[in-house]
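Please examine the sequence and the three-dimensional structure shown below before reading on.

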Amino acid sequence: MQLTLEFGGGLELLCESVKIHKVNVDPPNGPEKFIMKDLLSWVRTNLIKERPEMFMKGDSVRPGVLVLVNDCDWELSGQLDTTLEDKDVVVFISTLHGG
């Protein structure tokens, strides 16, 4: 499954300052279902190079991280249970900034 992952608002610093990642992911439950919970685990293992606690808390993203799946807030599509499909675009944006 090919996905485009975008990191912004400072989160790109956790991924060696690369904002856009085109990735191929093998769904752990077979090709029929790949959900956001699976993707977050994959991102933690494969993309986050430092300080994963700044991106995730438990199995989900930290409070203050906006997640969009194909430009739709993931809170409207089931959050961790949001089903992903080939060629989806997932955007992670930190809304927390220093002052």
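The model is predicted: local features need pLDDT of at least 70, side-chain atom pairs count only at pLDDT 80 or more, and totals for chains, interfaces and linings use all residues. Residues are numbered from 1 along each chain as its sequence is written, and side-chain values use heavy atoms, with hydrogens and water left out.

**The sheet**

Strands (E, at least two residues) and helices (H or I, at least four residues) are DSSP runs, numbered from the N terminus. Two strands pair if DSSP finds at least two bridges between them. In this structure five strands form an open sheet of mixed pairing, and their order is E2-E1-E9-E6-E7. Strand E2 (20–24) and strand E7 (72–73) are the edge strands, each of which pairs on one side only.

Strand E1 (residues 2–8) runs parallel to strand E9 (residues 89–94), and five bridges join them. Within this pairing, leucine 5 stands opposite valine 90 in E9, and phenylalanine 7 has phenylalanine 92 in E9 as its bridge partner. Strand E6 (residues 65–69) also pairs with E9, but in the antiparallel sense, over five bridges. There, leucine 68 stands opposite valine 91 in E9. In a regular strand, the side chains alternate between the two faces of the sheet.

**Aromatic rings**

Rings of Phe, Tyr and Trp (its six-membered ring) pair if their centres lie within 6.5 Å; planes under 30 degrees apart count as stacked, over 60 as edge-to-face and the rest as tilted. The structure holds three aromatic pairs. Phenylalanine 7 and phenylalanine 92 form a stacked pair, at 5.2 Å centre to centre and with 20 degrees between the planes. Because phenylalanine 7 lies in strand E1 and phenylalanine 92 in strand E9, this pair ties together parts that are 85 residues apart in sequence. Phe7, Phe55 and Phe92 form one aromatic cluster.

**Accessibility of single residues**

A residue is buried under 20% relative accessible area, exposed over 50%, and partly exposed in between (1.4 Å probe, protein chains only). Phenylalanine 7 and phenylalanine 92 are both buried. Further residues are listed in the table.

| Residue | Relative accessible area | Class |
|---|---|---|
| Cysteine 15 | 2% | buried |
| Cysteine 72 | 30% | partly exposed |
| Glycine 9 | 32% | partly exposed |
| Glutamate 16 | 58% | exposed |
| Glutamine 79 | 36% | partly exposed |

How many disulfides (pairs of cysteine sulfur atoms within 2.5 Å) does the structure hold? The structure holds zero disulfides.

**Loops and backbone angles**

Most residues other than glycine have a negative phi. Glutamate 16, in the loop between E1 and E2, has a positive phi near 55 degrees. Glutamine 79 has a positive phi of about 50 degrees, and this residue is found in the loop between E7 and strand E8 (83–84). Glycine 9 is also in the loop between E1 and E2.

**The largest pocket**

On a 1 Å grid over the protein atoms alone, a pocket is an open set of points with protein on both sides within 12 Å along at least five of seven lines, and lining residues have an atom within 4 Å of a point. A volume is the space filled by probe spheres (1.4 Å probe) set on the points. The largest pocket has a volume of about 210 Å³. It is lined by 14 residues, of which Gly10, Leu11, Leu14, Met54 and Ser94 are the closest to its centre.

Terms used. A disulfide is a pair of cysteine sulfur atoms within 2.5 Å.
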